[in-house]
Amino acid sequence: MGYLEEQLGRFVPQETVPYLVGLLNRHRTELKIVKDRKTKQGDYRPPQNGISYHRISINRGLNPYAFVITLVHEFAHLETWIKYERRVKPHGPEWKQTFKELMAPVLALGVFPQPVIQALAQYLIHPKASSCSDPQLYRVLSQYNKEAAIHLESLPMGSHFRLYNGRVFEKQQKKRTR
């Protein structure tokens, strides 16, 4: 096993490593595993400003299933960019189709637990910009985090909670759905 396979294997199920390394090697791609960011789980940057390779960054704190889904999400951006460059929307129909195609081999490996498979199957019908945008998939994936996530719907009405930035809120009746 090479260095890349060994390092990637620390973050994803072992069965997915050959497929993911194959995607990395298909195009000249730098993969950075970075400290957790609050605003995004992963990022894709095309070759530009004298850089001749594609760049993908993924948050290191993701659980193995979220890591794989996020990495394939970013590979879908890479493949879409190669085919269309800036002529299509970042999460438009072309990206959605590419994401579904790239996820199919991962699903065939049978590495996801049944709850993840069910939520992911529903999500793949119409993928959104982020797995966090789909409440069901996000909830299911968060069950596999090292630290248990507390979801707003589990808090009693009137309770106070604090966000990572220190802001304090009180749970009240919902005024809108989004």
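**Helix packing and aromatic pairs**

In helix α2 (residues 17–26), the residues Val-17, Tyr-19, Leu-20, Val-21, Leu-23 and Leu-24 are buried, meaning under 20% relative accessible area, with over 50% counted as exposed and the range in between as partly exposed (1.4 Å probe, protein chains only). The cover over these buried residues of α2 includes α1 (3–8), β1 (29–34), α3 (64–84) and α4, where contact means heavy atoms within 4.5 Å. Helices (H or I, at least four residues) and strands (E, at least two) are DSSP runs, numbered from the N terminus.

This is a predicted model, in which local features need pLDDT of at least 70 and side-chain atom pairs count only at pLDDT 80 or more, while totals for chains, interfaces and linings use all residues. Residues are numbered from 1 along each chain as its sequence is written, and side-chain values use heavy atoms, with hydrogens and water left out.

Helix α4 (residues 93–108) packs against helix α5 (residues 114–125) at an angle of about 160°, their axes lying 11 Å apart; axes are lines fitted to C-alpha atoms, for helices over the stretch in contact, and angles run from 0 to 180 degrees between N-to-C directions. In this contact, Phe-99, Lys-100, Met-103 and Leu-107 of α4 meet Leu-120, Tyr-123, Leu-124 and Ile-125 of α5.

Among the aromatic residues, Tyr-65, Phe-112 and Tyr-144 form one cluster, with rings of Phe, Tyr and Trp (its six-membered ring) pairing if their centres lie within 6.5 Å, and planes under 30 degrees apart counting as stacked, over 60 as edge-to-face and the rest as tilted. The count comes to six aromatic pairs. Phe-161 and Phe-169 form a stacked pair, 5.8 Å centre to centre with 25° between the planes.
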